[in-house]
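Visitor: I would like to go through this model with someone who has the computed geometry at hand.
Guide: Go ahead and ask.

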Amino acid sequence: MAQYLAMTFTADVDWWAPEHAEELAEYRKFGVDHADRIVQSAVLHPTGTATVVRVEGARGGQVVTTDGPYAETKEALTGYYLIEADDLEEAVKIAAEIPAAWGGAVEVRPVIAAK
């Protein structure tokens, strides 16, 4: 069985805030419904907590960090699910049930197994 990373792109909000409780419940339901296929998942803090890291001049160069997100966007990477599926078609079918797909987007990519 192959693994696929399903990255959720949604509004950049605090998912633990009371006004998002109903939608968060939908994510929990998805997690229960697909527990046999979800290897790992996580919700990310809002992009305002991000730190962007760059190394100038490649390896060994000066490390430069910037607070906050790299770019302003309507939707941000807000979480992920690492899922197991027989093939891409099944992974897409599962990803379509992630609430992020209903009003945002879910990007699905196959994972290259480490050797």
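Predicted model: local features only at pLDDT ≥ 70, side-chain atom pairs only at ≥ 80, totals over all residues.

Visitor: In what order do the 4 strands of the open sheet lie?
Guide: The edge strands are E2 (38–43) and E6 (105–110), each of which pairs on one side only. E1 and E5 pair with each other in the antiparallel sense over 9 bridges. The pairing in the open sheet is antiparallel, and the order is E2-E5-E1-E6.

Visitor: By how many degrees are neighbouring strands of this sheet turned against each other on average, direction ignored?
Guide: The sheet in question is the open one of 4 strands. Averaged over its neighbouring strands, with direction ignored, the turn is 20 degrees.

Visitor: Which residue in E5 stands opposite Leu-5?
Guide: E1 and E5 are joined over 9 bridges in the antiparallel sense. Opposite Leu-5 stands a residue of E5, Leu-82.

Visitor: At about what angle to E5 does helix H2 run?
Guide: Helix H2 spans residues 88–95 and lies across E1, E5 and E6. Relative to E5, H2 runs at about 135 degrees.

Visitor: How many residues apart in sequence are the parts tied together by the pair of Trp-15 and Tyr-27?
Guide: The structure holds 2 aromatic pairs. Trp-15 and Tyr-27 form an edge-to-face pair, 5.7 Å centre to centre with 65 degrees between the planes. Trp-15 lies in the loop between strand E1 (2–10) and helix H1 (21–33) and Tyr-27 lies in helix H1, so the parts tied together are apart by 12 residues.

Visitor: What is the centre to centre distance in the pair of Phe-30 and Tyr-81?
Guide: Both residues are buried. Phe-30 is in helix H1 and Tyr-81 in strand E5 (residues 76–85), so this pair links distant parts of the chain, 51 residues apart. The pair is edge-to-face, with 75 degrees between the planes and a centre to centre distance of 4.9 Å.

Visitor: Does Thr-47 count as buried or exposed?
Guide: Thr-47 lies in the loop between E2 and strand E3 (51–55). Its side chain is joined to that of Asp-12 by a polar contact of 2.3 Å. The cut-off for burial is under 20% relative accessible area. Thr-47 has 19% relative accessibility and therefore counts as buried.

Visitor: Which side chain makes a polar contact of 3.1 Å with that of Arg-37?
Guide: Arg-37 lies in the loop between H1 and E2 and, at 18% relative accessibility, counts as buried. Not counting residues up to four places away in sequence, Arg-37 touches several residues, among them Met-1, Leu-82, Asp-86 and Ile-94. The polar contact of 3.1 Å is with the side chain of Glu-90.

Definitions and conventions:
Residues numbered from 1 in each chain as written. Heavy atoms only, no water. Phe/Tyr/Trp six-rings, centres within 6.5 Å; stacked < 30°, edge-to-face > 60°. Helix = DSSP H or I, 4+ residues; strand = E, 2+ residues; numbered from the N terminus. Buried < 20%, exposed > 50% of the residue type's maximum accessible area, 1.4 Å probe, protein only. Pairing = 2+ DSSP bridges. Axes fitted to C-alpha atoms, helices over the stretch in contact; angles between N-to-C directions. Contact = heavy atoms within 4.5 Å. Polar contact = N/O pair within 3.5 Å; in protein donor to acceptor, adjacent residues only side chain to side chain.
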